[in-house]
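Subject: Structure handover

Hello,

Here is the structure for you to look through. My notes follow below it.

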Amino acid sequence: KMMVRLAALALLSVAIAADAAASPCSGVAPRSSARLATITAPMRLRGGADIAESSTGINFPGMLGKQQIAGVGVRKKAIMGPIAVNVYAVGLYVDPAGAKASGAADAAAAQKSLVEGTYGKTLKIIMARSVGASKIGDALADQLEPRVGKGAQIDSFKTFFGGLETLDAKDEITFTQVGTTLKVSAKAQNKDFASASLCQAMFDIYLGEKPVSNDAKKSMLQGFLQMCGK
């Protein structure tokens, strides 16, 4: 009996030592932590998990109101040959009910739905560096103009950003579609554009055939299809 007790104590000591050795530095989680992670991980995903854009480290909350994050990416600006700097990170939020109702089953259908659909969706830009607001507005207008043509709405779009002065790192811009209205918000200023064509053009910049960020488009389409159950 004494030998059995000693053997049991020896095994218990080994188990305790192994659990203690599993520190953050060792890269191995203790068994108790592993059990806790198994229990809590699904809870972190409720309502959409936060996503960090890898190039900038900028974090996007999992939810924006009732809209859920679909994907993120980075907008870069070439400054010399292959050298480019991160200008901003961009995330796409979508009404989950609208996503499911779209019935999109593949990337082509997802792209078409996200550009043309009138359900709630938002493009959220978070600046990675300080840039003149008029430069951002002009750059976006340059992308919008070939899609919608010149006119008062493009002029108004430029005027809105021209009145904001500088967009600093971590400042946010949102483009939210509500029906056929594009709601633009930045630096506590807001502007509504009642234009179905402008809504489509804005989302086409990031999700169309010639996106300004291929990685962003890929991430957004993948996330959208997951919302659709694909």
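A polar contact is a pair of N or O atoms within 3.5 Å; within protein, one must be able to donate a hydrogen and the other to accept it, and residues adjacent in sequence count only if both atoms are side-chain atoms. The side chains of T176 and T122 make such a contact, at 3.0 Å.

Some ground rules. This is a predicted model, where local features need pLDDT of at least 70, side-chain atom pairs count only at pLDDT 80 or more, and totals for chains, interfaces and linings use all residues. Residues are numbered from 1 along each chain as its sequence is written, and side-chain values use heavy atoms, with hydrogens and water left out.

**Around T176**

T176 sits in strand β9 (residues 172-178). Strands (E, at least two residues) and helices (H or I, at least four) are DSSP runs, numbered from the N terminus. Is T176 buried or exposed? T176 is buried, because its relative accessibility is 18%. Buried means under 20% relative accessible area, exposed over 50%, and partly exposed in between (1.4 Å probe, protein chains only). Contact means heavy atoms within 4.5 Å. Beyond residues up to four places away in sequence, T176 touches Q67, K121, T122, T181, L182 and K183.

**Strand β5**

Strand β5 covers residues 83-94. Nine of its 12 residues are buried, so β5 is largely enclosed by the rest of the structure. Two strands pair if DSSP finds at least two bridges between them. β5 pairs antiparallel with β4 (residues 67-80) over 11 bridges. There, M80 stands opposite I83. Two residues lie between the strands of this hairpin, and G81 takes a positive phi near 55°. β5 also runs antiparallel to β6 (residues 121-127), with seven bridges. L92 faces L123 across that pairing.

**The cores**

A nonpolar core is a set of buried Ala, Val, Leu, Ile, Met, Phe, Trp, Tyr and Cys residues joined through side-chain atoms within 4.5 Å. The largest has 49 residues, and F175 and Y206 touch the most other members. Helix α7 (residues 196-207) gives the most to this core, with eight residues. Another core lies apart from it, with seven residues, including F60 and I69.

**Cysteines**

C199 is buried, at 1% relative accessibility. C228 is buried too, at 15%.

Best wishes
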